[in-house]
Amino acid sequence: METSKKLPTDPSESPPSPAGDGAADPDRLVKGNLSFHDITEMVSRHAEKKAPLAWYVAFGVSLSGALLLVGLLAYVVWNGIGVWGNNQPVGWGWPIVNFVFWVGIGHAGTLISAILYLFRQHWRTAINRAAEAMTIFAVICALIWPTFHVGRVWAIYWTLPIPNQMAMWPQFKSPLLWDVFAVSSYFLVSLLFWYVGLVPDLATLRDRAKNFWRQRILAFFSLGWTGSNRHWRNYEKAYLLLAGLATPLVLSVHSVVSFDFAVSVIPGWHTTIFPPYFVAGAIFSGFAMVVTLMVITREVYGLKNLITIDHLEKMNIIILVTGSIVGFAYITEFFMAWYSGVEYEQYAFLNRAFGPYAWAYWIMMTCNLITPQLFWSKRLRRSIPVMFALSIVVNIGMWFERFVITITSLHRDFLPSSWGYFTATWVDIGTFVGSFGLFLTLFLLFLRFVPMVAMAEVKGVMPQADPHYHEHEGNGHAEGDGEPYIKPAEPALAEAYRSNDAEAPD
Amino acid sequence: MIELDVIDAEAAAHEGEEESSGPTFWRHWPESDADEDGDDLMEFAPGDSEPPSGASRRQFLQLMGAAMAMAGLAGCRRPEEKILPYAREPETVTPGIADHYATGMPFRGVLRPVVAQSNEGRPTKIKGNSDHPAGQSGTSPYEQASVLNLYDPDRSRSVRQEGRTASWSDFVSFCRTLGNEADQRQVAVLAEETSSPTVQAMRQRMADRFPNLQWVSYAPTGTDPRRLGTQQAFGRPLRPRYELGAAEVIVSLDANFLDGRAPDFGYHTQGFAEGRRLDDAEDTMSRLYTVESRYSTTGGSSDHRLGMRAGRIPALAAALAAELGVGEAPDVSWSERERLHVQEMARDLRAAGEHGVVMAGEAQPPEVHALAMAVNQTLGALGTTVTLFDTGAAEIQPQDEALADLTASMQAGEVDTLFMLGVNPVYDAPAELGFEEALSNVRDTVHLGRLRNETAQAARWHLPRTHYLEQWGDGRAYDGTPSIVQPLIRPLYDDAHSLIEVLNVAATGVDASGHDLVREQWRAQLSEPFREQWRQALHDGYLDASGYDVASVGPATVPSIDAPASDPDEIEVVFRTDSKLLAGRFSNNPWMQELPDPITKIVWDNVAVMSRATADELGVEVQRREGNFYADRVELTLEGESVELPVWVQPGYPDGSIGVSMGYGRTIASTRESESTPFWDTSDQTNIYNGSPVAGGVDASGGSIDVVGGNVAPMRPNGGRVATGADVTPTDSGYLLATTQEEGSMQGRPIVRWATLDEFKEDPEFVNESQPPVPELGHGGDGHGEGEHGDAGGHGGDGAAQDVSGEGLEAGPGADAHAADDMPKQAAHGGDGATGEDGGQHGGGDMGPAGERQREYPMMWEEDHPKDQEAMKNNPYYQNQWGMTVDLNTCTGCNACVVACTSENNVQVVGKEEVSNGRHMYWIRNDRYYVSEEEGDDSPEMLTQPVMCQHCENAPCESVCPVAATVHSPDGTNQMVYNRCIGTRYCQNNCPYKVRRFNFYDWTKTLPTEVQMAQNPDVTVRNRGVMEKCTWCVQRIRKHQQEADNEDRDLRPNEVETACQEACPTDAITFGDLNNPESDVVEEKKNPRRYELLSYLNTKPRLSYLGRVRNTNSRLEEALSNTESEREAPAEA
């Protein structure tokens, strides 16, 4: 059987390369001297064959987490918000911390697929599918929190501008309402973008399907894709447009989330630095989550030739850069508090660093500012164990960043008489753990049923995609400069092709 | 379930035929009882009592019938089949419109005149009777909370004999058997202190029937020392009243006269406030020195407070008196601080002469009272600042001695029948008397009480007692003015009887109604025509011009006071009634249990209060962590009695002293079953009423239940309020104390702004000197528009504001009127109409070169500001623009406003655990801050500040609500629309004053039916998951607006009063229409001390505070700081 063919899962076990194919080229995005068919095979088989035992184990654990979440949310709705630790003055507790955390995680995918697409970062192709899926699942997890943390969840639809018998619109001045729009449009566009990118691959699966129902279902979702030139042309255009549409959303969604805080009057929240700082933080945490997931996925599913160490290193560099931006923002906040001369503001920041929640602040500082600096070392940022550990540390740090912003700012504000303290309850912990359960459940389902790497796109960045690959010797690159085939259509070039002057680029 | 004997049309008609042709209604007693005791009724000779004729019934019913009849219609009682709907509406009752009846609340031996509000037959709210010569509309917290005692779900419901349910007629027949060989019976009565003339008459009847009657008045902490002290000084017990409004210097020797516990609280606190009110820099104010052990609201309101061991205060009193030439100074070594205080107090008193006054605390021994009187006499204050009432009482025996004698005779088996009426000696008598043991020697013991309390469980007979709102009675106010106590509702439980009725049964064996007994008593007092006089007295709530006479006294006998015998190293324990529960009367009242102590802010607990040094010495501490206090617990042992209490470290508390409060550690027997819900439903855990008395005790099946606090009363020495030689051993640690305020320091922020009187005179606008945190913004306009503050021409803007131009900044609803509050001497421009241009003009005009003003930056949604919307201006409510001021100089932090708000607005109680989670629901809170010159000074000043919704014009809460559930009203209040709220809690986060309260659980779902009856029907109860907050009693505003509208008139100035304002005994809170120049609030807002809290945020609150001024003695201040530095100098060297 074809599936039994041994495919190289790791660059180290690559078969000896045929002479002159350039397998040793460090710039090459796909290692292991794979053919198009190998790629198809490597990715599709996981969506087709029976899942490994490890998958079932992981799925079982995740699903019980998801069920815990469902159960506890029912408990919250039945009894009231009091089962969480929220109080006066800390009106927003873990639910909002978790919301911002998950929205932040949900940043990486669309950034990878849209912004890096617009910037022609071809290395994105290996990870964008999984990263986008992660984004969508993270946003689903995020949406749970603002929905269920309200006192009367059954009336949550009042935040939507639906014409109604009450003749009431939502209150458009409220940042929470902006959130509703920002996060929901981000979710819809991300979902659409992901799905559009999936169509060619779904068609591939459809064509490989041996089971009637599988074929039917995949046929439905692949929208009659035949791979014709016209389809590709429309597809590319749609993809480009959606990338253009998603790009501002990537930046806006977390900016708007930061408005929840920045628009208020509370010291520690009322800060103009929040939008860029939140976006950087979100990219930071999102990439960390992608690294966490990809490190495991490439190992378990044998995708090391597709998701190479070079990919991971690039992500680690982004983590380093955004981590430093975030760290810089932390320090800037302190400077601004001092420079403003506002004693409430100054107190809020001193209280963060030295007050009752100092532990949370220093966890945040350590995880977000200090430890990512390890990535300055090339050896460390190419080390799988280091990056795996660090990516988790970064996400812990980013969760604490939201904790610090939300809770330490609220617990002591203007009037000392109303100062308080927030303590999480078991329900807080349970629902947060449960949200990871839901996230991983969805992600495992994704790994099981959907091609986890964008096959069509990866193939597009392989040397073989170059129409001249088979005509010439060399490394297969059209211009010998590491540029793969796909590049912007230059009018002159197009003209040259049209006039059959095929030698022109050479 | 409560069953009500209701109107039976047939029987009523039948009865009517017998007596008169007019309509007849049901009577007070169930018909069946009346029939049974028909013979007994005949015992009243004509004229002895008003015959129960139809006509007199009608008289009564005209006043009372409506309320009482409707009581039967209230939804919470299951109607019997005989119920009649209103075929014709009763004359005085309009559904939805409350009735008000004057009555009186018996309180510690006096009657406090009150007016009770009745909604469809349910009393729901109490306010003071301002028509009463000794009354005012303000009250203490106790009057406010007393209404919940009526609806206490744990009230005793039935007569009990030997622990089994019995009937009232069983008890009546028991009383009849007492008549056999009455002259051989050894009958004793242990009754609460009461001023009721009818009780006096009943006592006489008892004495007539039982020649060997022993009658002891008993209160665990009564006002006995005061009576004994005046007796010592003048030969007979007199009742002093202080005219504090006329006083220039007040010295309080442990006299906590500003606390609601003081019997004449209202008069004294109001007088005090009068002397402290400052309208401008020319005003004078009194100076208050307080010497006390435990920090009290009086100490917090004083200009100089000296914390001192309670046992040393008598000696200090003697030293002070000696300084003024009265008596001899005892040989006591005083610290420099104490010496200076004595010297300066004496100097000031001497200078004030007849305008000085020395007040002795009710817990001080009689000698101190006598001495204080002698000092007052020497000062010439008798007649000016001190009035002595002659209560007509003859020489008295100390209560504690009388109780000891009674207990001794009980022990000796010399008492065979003991009536314990309205008292709870098993709980609160000193253990050294061995009362409970002695009780077992008495054959027949009868207890009358509202709860099945400790004594009820120990007594052979227990009778449920009526609440004062259910009974007929009478009494005298502090000044002796007699009042009738009239019921507003029929007793909730048929078995409940009043003290008068029980005494009458015991004395005569005849079951007569309280109404008849009181009427009979008053028939003698009132002139003819009796009927009209009676009606008038009921209507007014008092009988005019019949108070006590002012006593004329000879020179006071000066007692000699020795140096305290006790070793100063020995730990003393000071016993006081609790500031919330008294000695137990309010133990089972959740409003009071959850009311934060005015000083410690602790709820649902009693503590052993001590100073830091004492705590260190004992090796105990209170840790503040995670938003709560975790205290070590100590075992206090005195004379073999011990109690375990958590420790509380209190600044300003004297070393070597431990303060404890009574009223806790109850064992009340429940009459209700507990409810248990499935594991996913937490309402059984969050329901504070679940199955047991809220104060703790025993549940319906006899199991014991967690008790709130520990009972210290048995440790109390008989005859004293202070004990020495206590043994204190730490037991365990980590006991959670729930408080509503965790942080006691203002952190140097200009929250409560204050100055000394001299500073105020120098700079009347000192409140602006407290630098706003953004000086660049605040001071740009310095020097501009000077003198315009207050009298700046108000540019009445549009619409309603026009007629008030000229009233300056108070005139209008204009947001920018308040913009410049933190900007000293800036013209706060008149008013209203602040459209963008108008504001821009002002801004430009006043721009100083030094900086920029906040006005330069228009609000983001300026054009859209609600006040500028056409729809608002077209709204009739726009005519009124509400505003409030709170005078921090007269606010004493007594908590009356907090309880009044709870009662008016159906604010729910959440229990200790939820308070410790930071989820209390109070709409108004009293913030308490300690201030001292230096860090760590252990005798700080205390400042209190009531904080409620500030009704900001630029409310931060409004703009962040995604569903527009909190909005601005056309009349300028910030409104909360519960129905619209989805509970995002963003408004709560964004409120800089943190006055918004979220319903984390469904507090009203589990309310017992009885407690539901206490809810104000004009205010909705809130659902789980919605935000709530102070509305400035919008229901009252609307009610008055509707009334005005019906009467086709404008609202009168000051017509609308909020509940907190109404309850405030010092009138520190002023509320009214800023658009009406005649409103008091407009006047108050012109006060130079006015400032707005956190106004630098540009929230533009409609609530202003008037800064506090202390009238300190600069000589004393200086001398004290010199000694401080002297003391420190060697330490540094």
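1. Let's start with how chain B folds back on itself. Of the contacts (heavy atoms within 4.5 Å) in chain B between residues at least 6 apart in sequence, 75% join residues at least 24 apart. Chain B holds 36 helices and 44 strands; here helices (H or I, at least four residues) and strands (E, at least two) are DSSP runs, numbered from the N terminus. Of its 1133 residues, 65% count as buried, where buried means under 20% relative accessible area, exposed over 50% and partly exposed in between, with a 1.4 Å probe and protein chains only.

2. A word on how to read all this. This is a predicted model, in which local features need pLDDT of at least 70 and side-chain atom pairs count only at pLDDT 80 or more, while totals for chains, interfaces and linings use all residues. Residues are numbered from 1 along each chain as its sequence is written, chains are lettered from A and ligands numbered from 1 in the order in which they are written, and side-chain values use heavy atoms, with hydrogens and water left out.

3. How confident is the predictor? On the pLDDT scale (the predictor's confidence in each residue, from 0 to 100), chain B averages 81, and 82% of its residues score at least 70. Over residues 29-44 of chain B the pLDDT is below 50, and this stretch has 23 contacts in the model beyond near neighbours in sequence. Residues 772-858 of chain B also stay under 50, with 178 contacts beyond four places in sequence. For the complex, the ipTM is 0.88 and the pTM is 0.85.

4. Now look at where the chains meet. In chain A, 60 residues are in contact with 67 residues of chain B. The area buried between the two chains is about 5300 Å², with 53% of that from carbon and sulfur atoms; buried area is the accessible area (1.4 Å probe) that two parts lose on being put together, summed over both.

5. What pairs up across this interface? There are 2 salt bridges between chain A and chain B, a salt bridge being a side-chain nitrogen of Lys or Arg within 4 Å of a carboxyl oxygen of Asp or Glu. One salt bridge to find joins the side chains of Asp413(A) and Lys994(B), at 2.8 Å from N to O. On the chain A side, H2 (53-79), H6 (175-208), H8 (229-262) and H11 (343-354) are helices that each supply at least two residues. H2(A) gives the most, with 5 residues.

6. Asp927(B) deserves a visit. Asp927(B) sits in strand S35 (residues 925-931) of chain B. Is Asp927(B) buried or exposed? Asp927(B) is buried, because its relative accessible area is 2%. Leaving out residues up to four places away in sequence, Asp927(B) touches Ser417(A) from the other chain, and its partners in chain B include Gln741(B) and Leu943(B).

7. Finally, some backbone features to check. Most residues other than glycine have a negative phi, and most peptide bonds are trans. Gln88(A) and Pro89(A) are joined by a cis peptide bond, with omega about 15 degrees, and Pro89(A) lies in the loop between H2 and helix H3 (94-105) of chain A. Trp604(B) has a positive phi, near 55 degrees. Trp604(B) is in the loop between helix H21 (590-593) and strand S21 (608-610) of chain B, and Trp604(B) counts as buried because its relative accessible area is 7%.
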